[in-house]
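Please look through the sequence and the structure shown here before working through the exercises, and try each task before reading its solution.

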Amino acid sequence: MNKKRILLLGGTAIQIPIIEIAHKMGMCVITCDNKPENPGHKLADEYYDVSITDNEAVLELAKKLNVDAVVNFILEAGVQAAAYTHEKLGLPTSPYKSVHLLSNKKLFREYLKENGFCTPNLITCSNKEEAFERIATLQYPVVVKPTDLWGSRGVSRVNDDSELDAALTLAFENSRGADIIIEEFVEPDGAPIEGDAFAVDGILTTHVWADVYPDKSAPNPITPVCFCYPSSKSDDLQQKLNMTLQRLITLLDMQTNAYNIEARID
């Protein structure tokens, strides 16, 4: 019997468990990214130097290797390539268009506003001049961030005009594309809420929510550093969050996926 062949996007240390589990299940694990020094590649059956953010390159590699599935685990950088490749190859997936939207802060915020979800007032800018011209339409404090990055990289809270230039520089330097967003800062009612959820065939089945606390003495004082489970938010509020998430999943025709959710309750 031939082994199932999976193409795992990335080979970082935090991805080693899935490589080990796949091997225990009798699968052939092929890894790829543009960092050959990543430790997971040493445990894989094969490794290829292909960027996991290059959709076409991942698709061509999957075709060449005749894999049964492209797996993205933990890393946000690979979610688009996995969905794109599965869609092109006719494998089970959520729509690439929806995955792309969820991976881009500009597109996601616009979609939320258009469909009646709560979202902060914001502007999108492609250069500093545009940002300085349009900042008057927002109220301080604001948050400046790249539209296409994750892990709080390039993100700053700005309290007044004097802090704006440095925040813009940081966001543009970290952005993979051309745009950044500036959105009004939402002061949470108590701690912000974050969690993980899983949906099967478009139905939210599993979720766990936590209160989130930053380290105000850290270089970036709005980066979450502590998660307390279970959340202290009321059951009614958590149920509202579940219903909101389910509505979004349904509208975007998302199928079987894991989600990381961040929310602020004003």
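This is a predicted model: local features need pLDDT of at least 70, side-chain atom pairs count only at pLDDT 80 or more; totals for chains, interfaces and linings use all residues.

**Exercise 1.** Find out which residue forms a salt bridge with glutamate 110, and describe where the two partners lie.

**Exercise 2.** Work out which residues are linked with glutamate 183 in a network of salt bridges, and decide whether they are buried or exposed.

*Solution.* Begin with arginine 109, whose side chain meets that of glutamate 183 in a salt bridge of 2.9 Å, N to O. This pair links distant parts of the chain, since glutamate 183 belongs to strand S8 (residues 180–184) and arginine 109 to helix H5, 74 residues apart. Both glutamate 183 and arginine 109 are buried. Next take lysine 145, which forms a salt bridge with glutamate 183, the closest N and O atoms being 3.0 Å apart. Here too distant parts of the chain are linked, with lysine 145 in strand S6 (residues 142–146) and glutamate 183 in strand S8, 38 residues apart. Lysine 145 is buried, as is glutamate 183. Putting the two pairs together gives a network of salt bridges that links Arg109, Lys145 and Glu183. By the rule applied here, the count of salt bridges comes to eight.

**Exercise 3.** Determine which residues of helix H7 are buried, how they are arranged around the helix axis, and what they pack against.

*Solution.* First list the buried residues of H7 (residues 164–174), which are Leu164, Ala167, Leu168 and Ala171. Seen down the axis of H7, these buried residues fall within an arc of 100°, and therefore they line one face of the helix. Then turn to the face that points away from the buried side of H7, where the exposed residues Ala166 and Glu173 are found. Finally, look for the packing partners: the buried residues of H7 pack against helix H6 (128–134), S6, strand S7 (156–158) and S8.

Key. Residues are numbered from 1 along each chain as its sequence is written. Side-chain values use heavy atoms; hydrogens and water are left out. A salt bridge is a side-chain nitrogen of Lys or Arg within 4 Å of a carboxyl oxygen of Asp or Glu. Helices (H or I, at least four residues) and strands (E, at least two) are DSSP runs, numbered from the N terminus. Buried means under 20% relative accessible area, exposed over 50%, partly exposed in between (1.4 Å probe, protein chains only). The arc is that of the directions from the helix axis to the C-beta atoms. Contact means heavy atoms within 4.5 Å.
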